[in-house]
Amino acid sequence: SSGINESTGEPLRTVEAFNASSTVTVLRVPELWVYCLANVAMQNLCVRGVYYLLSEWTSLAVTMVTTLRKFLSLLLSIVLFNNTFTADHWISTFPRFHRIRTLLRYHPVSSKT
């Protein structure tokens with residue numbers, strides 16, 4: 001589920017809010033649309049990077065990279081947007097890094113070539 005209830009008109013309100021945002025002078029486009037497009041471009045770049053990693057490295061190496069990326073994303077969210085890092089975050093983070101550490105101990109990472 002995307003979290004958007006179409007029967008309430010939420011998508012239309014979102015588009016209206018994006019259209020009402022301040023305009024980027026150079027592009028003459030509402031600012032939120034610019035951010036949305038930049039986000040789509042970065043997500044595309046990220047997905048392409050993961051596919052590239054999968055073609056060159058083992059699945060364990062890709063798992064490590066993506067887990068580390070998600071953790072760094074969480075840390076950036078905490079620093080840049082003053083989000084809190086709760087006990088729930090630690091509870092969910094620790095097992096992932098422990099699992100990677102355990103896998104590395106018994107299956108060293110190497111490239112596929």
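In the predicted model, the side chain of Ser21 places a polar atom 3.3 Å from the backbone nitrogen of Glu31, a polar contact being a pair of N or O atoms within 3.5 Å, one able to donate a hydrogen and the other to accept it. Local features need pLDDT of at least 70, side-chain atom pairs count only at pLDDT 80 or more, and totals for chains, interfaces and linings use all residues. Residues are numbered from 1 along each chain as its sequence is written, and side-chain values use heavy atoms, with hydrogens and water left out.

Ser21 belongs to the loop between α1 (10-20) and β1 (23-24); helices (H or I, at least four residues) and strands (E, at least two) are DSSP runs numbered from the N terminus. With a relative accessible area of 13%, Ser21 is buried (under 20%, 1.4 Å probe, protein chains only). Apart from neighbours within four places in sequence, Ser21 contacts Pro30, Glu31 and Leu32 (heavy atoms within 4.5 Å).

Helices α2 (residues 31-56) and α3 (residues 59-81) have axes that come within 10 Å and cross at roughly 155°, the axes being lines fitted to C-alpha atoms over the stretch in contact, with angles from 0 to 180 degrees between N-to-C directions. Helix α2 is therefore roughly antiparallel to α3 (over 145 degrees). Cys46, Val50, Leu53 and Leu54 of α2 meet Val62, Val65, Thr66 and Arg69 of α3.

Thr66 lies in helix α3. The C-alpha atoms of Thr66 and Cys46 are 9.6 Å apart, at a sequence separation of 20 residues. A polar atom of the Thr66 side chain lies 3.1 Å from the backbone oxygen of Thr63.

Note on methods: Buried < 20%, exposed > 50% of the residue type's maximum accessible area, 1.4 Å probe, protein only. Parallel < 35°, antiparallel > 145°, perpendicular 65-115°, else oblique.
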